[in-house]
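Good morning, and thank you for joining this group meeting.

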Amino acid sequence: MTNIRKLTALTRAGIIEALQFRLGTIVTLLGNLIYLALVYYLWKAIYASSGMDVVNGMTFYDTMIYLVLATAMFNLLEVFVIWDMSRSIQSGEIIMHLLKPMRYRLYTFWSYSGSHVISFFLTFLPTFVLVFIITKGAIPLGMNLVYFVLSLILALMINYNVEMLVAPICLYTESTWGVNIVKETIVLLLSGATIPLSFFPEGIRKVVEYLPFRAIYDIPLSILLGKAGKSSIGSVGGCLCIQIFWIVLLSIFGNLFWNRAVKKITVNGG
Amino acid sequence: MKRGFGFYASIYRKILIQDLKSKMSYRADFIISTFGMIMTNLSGFLTFMILFHNFPSINGWDYDHMLFLYGFSLIALTPVQCFFDNNWNLRFMVRSGDFIKYCFRPINVFFYFISEVFDVKGIGQFIFGLSTFVYAWCRIGIPVTFVTIAEAVLFLITASLFMIAIMNASAATCFWIINSGYVMVIMFRFKDFAKYPASIFNAVFKFIFTFVIPIAFVAYYPSLIFVTPDNVPLLTWLSPLIGAAFFYLSYKFWMLGVRRYDFTGS
């Protein structure tokens with residue numbers, strides 16, 4: 001299987017590249033710790049003021065785990081496809097990518113995979129362990145961990161596909177910052193990364209259920225907290241199927257859009 | 001040679017006009033970016049509303065007072081967005097070596113670098129923040145007198161200095177650490193917590209967010225003068241001085257980086 005070897009070579013290169021920036025990893029981890037403290041005190045005050053232990057089926061620890069791990073996931077999932085694409089168009093480098101004997105979408109995905117691996121072990125896992133300790137073991141340990149990791153990988157693919165679907169817009173508008181911020185705001189709000197989806201008013205939540213964004217943060221985190229299978233969220237298997245459905249749908253549309261947009265590329269000189 | 005305020009003001013105006021002209025030539029980018037800025041503000045507001053939909057008060061702060069704090073923080077975060085946005089480009093300039101061009105001009109390097117970009121998008125945030133602020137001001141029933149308005153202006157300017165100082169200092173780290181963008185990203189994310197009362201933290205973190213990463217000054221301390229007028233802490237009264245100190249230190253740190261950059265001569 002030379003094909004797989006080719007792809008894992010990209011992963012390895014990514015790992016080596018990411019290890020170059022060790023300081024970045026440490027600072028990000030430190031930043032996450034302070035962020036964790038902010039979330040902790042904010043929600044502790046909120047729950048203390050409300051006088052209730054459980055709000056919308058979420059305890060204080062549930063909310064805390066949900067939000068802190070959402071932050072850690074944000075670091076893990078973060079890719080800069082939009083920035084990369086627009087920068088390589090401006091510099092003309094995109095031609096080199098298009099000439100490679102591998103599809104651009106595939107190539108980009110696998111070159112990011114290495115940094116995902118590093119980020120998982122160096123920032124996500126330590127944050128996870130810390131939250132586990134702080135919340136005194138409120139995270140149930142069992143099969144849900146296996147499903148969570150599976151769901152996390154699917155979430156990564158959905159996130160990548162959303163990014164790939166949005167990035168070609170830059171080819172038409174020459175706007176990078178703007179396109180990126182619109183995407184990021186929508187994803188973070190509607191996926192539950194800023195505030196857990198179960199706090200949303202009924203009406204908005206109904207709409208959000210039918211959008212792909214909740215499959216990025218809400219589904220993996222609900223599976224981890226053991227909320228999937230109860231209430232309205234559906235069984236774990238059902239959740240994973242929803243994620244796969246979105247990956248297929250988004251990659252079909254992403255492919256169509258990319259194939260159209262790539263004909264539009266104009267490189268001045270280069 | 002000492003140049004007066006008038007000299008720098010006229011240079012700033014000239015650079016500003018050039019920058020706006022070049023921005024206008026990318027019309028689609030301008031429209032999308034403005035739209036994006038409105039989206040972020042809307043999303044922040046929605047988060048706020050959802051929170052209060054579930055919880056009527058936070059640590060003794062009710063809806064109106066929290067809205068006041070929220071509006072205050074949005075206005076205080078506008079200057080860093082509008083006038084100091086070029087800090088985000090610093091690390092690219094330093095790395096590629098383009099930064100050297102700023103060192104060859106007979107004007108202050110920091111001033112020249114910062115004045116090069118004026119971010120129009122921040123104006124949307126300002127309008128959004130101001131309407132929230134005024135609405136909350138009326139709801140709470142703060143008297144409108146010359147003194148209260150003067151205080152509002154003074155303390156809003158003060159509050160904005162803190163975020164500027166944070167971003168200056170974190171941008172300047174790129175003189176020592178290659179690709180230090182993550183420092184800015186992390187610091188920029190902390191600003192989301194400026195809109196909550198710092199009284200929720202325990203002593204250690206209150207100290208950190210007051211004196212190390214001073215986000216508590218972006219809205220909490222300065223706004224206490226309106227929220228609890230009978231019981232204003234000393235830190236609130238001192239905040240203009242502390243803000244000026246933080247800004248000065250961040251400027252010195254930035255310039256230290258420039259001096260170092262000269263020496264490596266890359």
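I shall speak about the cavities and then about one asparagine.

This is a predicted model, in which local features need pLDDT of at least 70 and side-chain atom pairs count only at pLDDT 80 or more, while totals for chains, interfaces and linings use all residues. Residues are numbered from 1 along each chain as its sequence is written, chains are lettered from A and ligands numbered from 1 in written order, and side-chain values use heavy atoms, without hydrogens and water.

A search of the whole structure gives two cavities of 30 Å³ or more. A cavity is a set of points on a 1 Å grid over the protein atoms alone where a 1.4 Å probe fits but cannot get out, and its lining residues have an atom within 4 Å of a point. Grid points are joined across faces, edges and corners, and the volume is the space filled by probe spheres set on the points.

The largest cavity has a volume of about 40 Å³. Its lining includes Phe193(B), Tyr196(B) and Ile215(B), and by class has nine nonpolar, no polar and no charged residues. Here Ala, Val, Leu, Ile, Met, Phe, Trp, Tyr, Cys and Pro count as nonpolar, Asp, Glu, Lys and Arg as charged, and the others, Gly among them, as polar.

The second largest cavity has a volume of about 40 Å³. Among its lining residues are Asn32(A), Tyr35(A) and Thr127(A).

Finally, Asn180(A) is buried, with a relative accessible area of 11%, where buried means under 20% with a 1.4 Å probe, protein chains only.

Conventions:
On a 1 Å grid over the protein atoms alone, a cavity is a set of points where a 1.4 Å probe fits but cannot get out, and a pocket is an open set with protein on both sides within 12 Å along at least five of seven lines; lining residues have an atom within 4 Å of a point. Buried means under 20% relative accessible area, exposed over 50%, partly exposed in between (1.4 Å probe, protein chains only).
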